[in-house]
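Please go through the structure below with its helix packing, ligand contacts and backbone geometry in mind.

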Amino acid sequence: MTQEELFKKLIAHSKEYGYIFLSSEIYDGLGAVYDYGQYGVELKNNIKRYWWDSMVKLHENIVGIDSAIFMHPRIWEASGHVGAFNDPLIDNKDSKKRYRADVLVEDHIAKIEEKIEKEVAKGRKKFGDAFDEAQFRATNPNVLCQVEKAETIRKHLAETLTDNNLDGLKQLILDCEIVCPISGTRNWTDVRQFNLMFSTQMGSVSTDASQIYLRPETAQGIFVNFLNVQKTGRMKVPFGITQIGKAFRNEIVARQFIFRMREFEQMEMQFFVRPGEEMKWYEYWKDARMRWHKSLGLGDDKYRFRNHDKLAHYANAAADIEFNFPFGFKEVEGIHSRTDFDLSNHQKFSGKRLQYFDPETSESYVPYVVETSIGVDRMVLLILSAAYAEEKVQKEGEGERVVLRIPSILAPVKLAVLPLVKKDGLPEKAHIIMNNLKFDFNCQYDEKDSIGKRYRRQDAIGTPFCITIDHQTLHDDMVTIRYRDNMRQERVAISSLPEIINEKVSMRSWLQQLGN
Ligand code: GAP
């Protein structure tokens, strides 16, 4: 199965099994806006909880807030979003389709990288066990030529973006001979800047109403509450403030399912540090965040860092954590050293002093900030892409299964309770078991269809444990527990179920391995 086929299947599966629906579907949907179904919302909540606890519970010096989406419009002037939160757009005159000019070039680079990987795969096939990948990459003329090509284009792209050179960006598109995927032509308009913020009016009378924005990041709600939290929480630098909440961006190119949405959710943390110490903390948070991702056990080789070629208007260093999605390595989280840009500007624009008095140095200063910012929806897509598998089944009768190998801590339903038949007192016994377990775990009861079909249904939604109650259970209080990943079954006492399940799904054991 190609990665493209896998991605299509994943989207279909997410809908069929109640994870993700197109928003306003009965009205044919709304571009790049999605709703989460009964399992999607549980997965999302579990991701948020794992993130929140790893930040707030594990760090004495990190606290959370929940600030409003509507904020004073001057905030977005101070933050630079009114002036600089733009994407360069370009239209194809024949197809009338609009694209992000930088994304067109990035996609072109991705195609070159695909060629490199194909070349390496050919080498691997040709040389078999004797294949030395590092040497091949360092010496093969075709690979070297493509690597140089990709690097040159990437460098030009970064330069044109940094210099805001829109003509240069168009020229790069022409030089790379990039065609519109719809019309196949190179008939492009000039590149223009497009502000990504949604605006609306606040106030009932249109003449009095003031223009406000839907926040494009949650971070500003943290900055403007910096002193409130520092004073009321008696926080000492270094300390962090987190929040989880919705953000809105009028993305020009919204595609790849929930990867790029117009309404999405962020989990952000601003870590306030002494000026001059930001690089130390930047490295600390890069490491800590990568460990959090890898703790989910989806495969260390699926992640990589990518340093930003073009820094955002507020940053002096920035890196993305990228994940190998079915459409290639893409950003899931950003770690940014934001300097004192935001606090200083809010101080200037609001006229309010936003300084911290450091009792250790007896100095007042505007703290520097290191930010970690991760998209909840991208995490959902990451988990689903890594979890989706189609497998031949030898046990439980011949056939195939689709299984979501979601890390058990994040699985929407932790266990299914399944009476073997719908009679002879088995449903009643199953309910007794479920009524005991439901206080600790998200359980699902299912008595319809054969046991094999019920296992398949639970596999498809990613339930790590199935508990089957049979006639023998009524005599010995033992049940069959069946594990999703290897389909192994064993007979265990009902009384041991909480311990067995808890070992795999308790937040405690997952947080412990992060070991802060
Ligand atoms: N406060 C910094 C900030 O917002 P960003 O790199 O623009 O930085 C941070 O966004 C994260 O938010 C990204 O790594 C991504 O996971 C998520 N994100 C950004 N735009 C998104 C979109 N249109 N749809 C879904 N997630 C998005």
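Which residues in α1 meet which residues in α13? F7, L10 and S14 in α1 meet L381, L384 and S385 in α13. Contact here means heavy atoms within 4.5 Å.

This is a predicted model, in which local features need pLDDT of at least 70, side-chain atom pairs count only at pLDDT 80 or more, and totals for chains, interfaces and linings use all residues. Residues are numbered from 1 along each chain as its sequence is written, and side-chain values use heavy atoms, with hydrogens and water left out.

By class, the contact of α1 with α13 has 4 nonpolar, 2 polar and no charged residues. Ala, Val, Leu, Ile, Met, Phe, Trp, Tyr, Cys and Pro count as nonpolar, Asp, Glu, Lys and Arg as charged, and the others, Gly among them, as polar. Helix α1 spans residues 3-16 and helix α13 spans residues 376-387. Helices are DSSP runs (H or I, at least four residues), strands likewise (E, at least two), numbered from the N terminus. The axes of α1 and α13 are 10 Å apart, at an angle of about 110°. Axes are lines fitted to C-alpha atoms, for helices over the stretch in contact, and angles run from 0 to 180 degrees between N-to-C directions. The two helices, α1 and α13, are therefore roughly perpendicular (65 to 115 degrees).

Helix α7 (residues 141-162) and helix α8 (residues 166-175) have axes that come within 8 Å and cross at roughly 160°. That makes α7 roughly antiparallel (over 145 degrees) to α8. On the α7 side, I153, H156, L157, T160 and L161 take part; they meet G168, L169 and L172 in α8. This contact of α7 with α8 divides into 5 nonpolar, 3 polar and no charged residues.

**Ligand surroundings**

Of the 22 residues around the ligand, E217, R249, M261, E268 and E331 come nearest. A residue counts as near if one of its heavy atoms lies within 4 Å.

| Residue | Protein atom | Ligand atom | Distance |
|---|---|---|---|
| F259 | backbone N or O | nitrogen | 3.4 Å |
| Q266 | polar side-chain | oxygen | 3.0 Å |
| G375 | polar backbone | oxygen | 2.9 Å |

**Backbone geometry**

Most residues other than glycine have a negative phi, and most peptide bonds are trans. E177 is not a glycine, yet has a positive phi of about 55°. E177 sits in the loop between α8 and β6 (192-195). A cis peptide bond joins V237 and P238, with omega about 5°. P238 lies in the loop between α10 (226-232) and β9 (239-248).

Conventions. Parallel < 35°, antiparallel > 145°, perpendicular 65-115°, else oblique. Polar contact = N/O pair within 3.5 Å; in protein donor to acceptor, adjacent residues only side chain to side chain.
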